[in-house]
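Here are some notes for a colleague who is opening this structure for the first time. Please keep the sequence and the model in view while reading.

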Amino acid sequence: MIPALIATGIVVLLLISAMVTISTYNQLVALKNLCDNGFAQIDVQLRRRYDLIPNLVECVKGYMSHERQTLENVISARNQAQAGLAQVAKDPGNAASLQQWMGAESSLGNALGRLNFVMEAYPELKANENVAMLTEELTSTENKVAFARQAYNDWVMGFNTYRESFPTVMLAPMLGYPDSRLMVEIEDQVAIQQAPVVSLAS
Amino acid sequence: MRNFYEHQNRALAKSAKLYLLLAVAILGTVIVTSLAVTYTVCLLAYCMQVWNPGFPTIPWIFVFLPCCFVTGVFVGVSSWWKIRQLKAGGKILAIDLGGELLERKTASREELRALNVVEEMAIAAGIPVPAVYVLRQQSSINAFAAGLEVEDAVIGLTRGCVVHLNREQLQGVVAHEFSHVFNGDMRINLRIVGILHGVLSITMLAERLLMAAYEIWTMPSTRRDNGEDVGAAVILALLGVLLWPIGLVGMAFGLLVMSATSRQREFLADAYAVQFTRNPEGIAGALKVIAGLESGSRVRSSKTLEASHFFFASGCRMMAGLLATHPPLEERIRRLEPSWDGVPLFVDVGADAVYQGAYGHSLSLLTGGAASDQRTLAAPVLPSSTESQHTFDSEEHNDPADSTRESIFQTSDWTQRYQMQLQDELPGVWHELLQEPEGVDAVLTALWFVQTDTPLESHASLPDPLANIVEGLMEPLTQFEEAHRTLLFDMASQNVAERRRMETSGMRPFLTSALRHAPEDTLKRWTWNHQFRRALQIDPPDNPRAAYAKVAQVEGAAEIVLSRLCHAGSSNAAMAQFAFQRAVVHLELPQPDFWEPDEIDLERLEVAVDELRKAAPPIRQRLMLAIGCCIAADQGVTTEEAELVRGLCAALGWAMPRLLPGQSVAPGA
């Protein structure tokens, strides 16, 4: 009688743990896919941004012959960031390549901030319809990157919270999720903050 | 973690209570309706029995139960039909409200920005990008989300929304609407609107019955067969009168329930907007702009009431208190920004064609309908455009009123020609004098003595050599006409403005102190002292906070200033009154008071100016328009008129028009 009870208890326990494991696994997969989808969204917007930048540079080049260095910096930072993103896209979970790309991304931010600042000095640039259009597109794309990053980070936080809470934290390594994911952070655009204060007094 | 399926499930569970209440409302309506019909039928049967004793008695329950069934089916079918219609997608609602689909290819710069903002917020909320409709006829600021599924959602924005809000504010508004999409509020709203339509259809049926009764009643008596038709009309009318309020009461009850939940959802949506944008200033700013805009968030459309629950801010004014669909703006702003000081944000409505109608109106008044004449109004009214946030592409609106609106604010050819003619008439020595800083200051000082009618002897502090120069200049100045002196003042003050940071002569300290202590006992002295102080930037008045957003709040002050100006510009009281009547049209005051000249002393004028300084830019613009109208009423600019307008603008700290005495405000006049 007692062995039968014990056997039943073990079977029930096994069943329960199997169910918990299955549901944990499913939840982890769902959350991971949400994160991957979020990253894909950042990826799409970043690519668009990388495509827009050479167009903008091409457009303003004619007006800003004295700012060669600024324009060259933008292009080289853009190329680096693009290469970095290609690395990250191959393996989104890899923290090292993510960090490297984030560095390139923040120097691109600095270069663009510098370009924006310099562009302020050319009123005829603002009057140009194409430039205005490209600037609006670039602004919007940068916002989209920011919002996509925000959404991605929220989803990553959801994934990490779930993965690190009990009992998932014990099961996750067995189910193929040994690590928490890294959030995407891009350092504040130093160039914008350090831009000289323009005196408006005439 | 934000996963919108979870949010939707939670929202649906919450709305179960709402559905229960609505079910009670419908059941109540059905029962009351059936009771009314039963009463009518039983009354009829009773009358028949009195008239014809053989008529059988009808037990009321036999009438009541089928009635309940029929009414229930009637309400159910019309609700179902409406919901089905609404289910066709938010598109229908957007088009019903006069929305046009925004497409990238045809969008203006502002509209493109709106499209981009919607895409940005869709990414932040993690939902597909909805179609965007713009309500081009609505100059107010409002937005709505509609559509049953996240996939077929639609975002509608009014023109005011696209034009007046900056990027962050627009993001806030769109994020707020997205949160309605996200929480499945649209699904609930669509169902409620459908159900209420079903309840309301009882009232609509009653109206039909009353119409039919009326038609029978007014039919020519020759076509009336006999008393049977009259009887039918009475029965129809009785049924109609009984049923009519029932639908309304049901509707009112439904609205009450719906409004209460709707207000809560608005707060929730505001909170989500902050979550999506991580920027409470955006949505709070948008709400403040609505608070500062005279047309606010009103949407003028016959469908507004029906769609009131879809809007960003309440779409009609009538709905207040318990029936309000949205919490008061102030409360919403304070929840987002607890330290708000209660001052709304003002946008430059002139940037938009908001007052298109008003402009067109004023022009047709002045020209007798020839509103397309570019040279109708004088150039003098140049409002500062610094407050403008954004301007709509002028190509966007090829409204005829647009081109004329601009002409009011631009210096026209003949005004410039008049200026040039006067400049040519000035002896060359004056032009040379104005080349040097000493000369400019000397001319200004001499002009000040002449214009304010101050004797040179009264100022002993002026050192002798300087006094001699000034005296030498004053003599020819007094010979000049008023127009030349005014022009000279303009030229000199422009010179001062250009050289503000550069050297000044020894005369400047004297002029500054003289202006600080100058007596202001006459209107001429008051206006000129203000002009001089403005030109030399002496003690510039600090800009008070814009405290008045409505014309009615500065009614008295505006009337005083306009009345005084009309007297200044007209040779007799009748002409002045006529000019005043034309001018106040722009202020849309219910009962404008015209003041007599002896009622307006300097003290009163100063009080009025102090009041007007607190007016918001939109009022300022309308007032400038009215002032322009005053000046244009008699087609010529008198000296007093020019002085007064210049002095007023200087005192108010508004852009000063280059109005010259003797200039015409219409060509050839």
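This is a predicted model: local features need pLDDT of at least 70, side-chain atom pairs count only at pLDDT 80 or more; totals for chains, interfaces and linings use all residues.

1. Residues are numbered from 1 along each chain as its sequence is written, chains are lettered from A and ligands numbered from 1 in the order in which they are written, and side-chain values use heavy atoms, with hydrogens and water left out.

2. The interface brings together 21 residues from chain B and 23 residues from chain A, where contact means heavy atoms within 4.5 Å. The two chains bury about 1800 Å² between them, 51% of it on carbon and sulfur atoms; buried area is the accessible area (1.4 Å probe) that two parts lose on being put together, summed over both.

3. Nine residue pairs, with both residues at pLDDT 80 or more, are in polar contact across the interface of chain B and chain A. A polar contact is a pair of N or O atoms within 3.5 Å; within protein, one must be able to donate a hydrogen and the other to accept it, and residues adjacent in sequence count only if both atoms are side-chain atoms. On chain B, helices α4 (109-125), α6 (167-182) and α8 (227-277) each supply at least two residues of the side that touches chain A, and α4(B) gives the most, with nine residues. Helices (H or I, at least four residues) and strands (E, at least two) are DSSP runs, numbered from the N terminus.

4. Four salt bridges are counted between chain B and chain A, a salt bridge being a side-chain nitrogen of Lys or Arg within 4 Å of a carboxyl oxygen of Asp or Glu. The side chains of E137(A) and R104(B) form a salt bridge with an N to O distance of 3.5 Å.

5. The structure holds 27 salt bridges over all chains, and E120(B) and R167(B) form one of them, at 2.8 Å from N to O. Because E120(B) lies in helix α4 of chain B and R167(B) in helix α6 of chain B, the pair ties together parts that are 47 residues apart in sequence. Both E120(B) and R167(B) are buried, where buried means under 20% relative accessible area, exposed over 50% and partly exposed in between (1.4 Å probe, protein chains only).

6. In chain A, the side chains of K61(A) and E58(A) meet in a salt bridge at 3.6 Å, N to O, and these residues, three apart in helix α1 of chain A, are separated by about one helical turn. K61(A) is partly exposed at 42% relative accessibility, whereas E58(A) is exposed at 51%.

7. The largest nonpolar core has 95 residues, of which M121(B), L157(B), F178(B) and F276(B) touch the most other members; its largest share, twelve residues, comes from helix α1 (residues 2-61) of chain A. Apart from it lies another core of 48 residues, including Y548(B) and L587(B). A nonpolar core is a set of buried Ala, Val, Leu, Ile, Met, Phe, Trp, Tyr and Cys residues joined through side-chain atoms within 4.5 Å.

8. Chain B has 24 helices and four strands, and 54% of its 669 residues count as buried.
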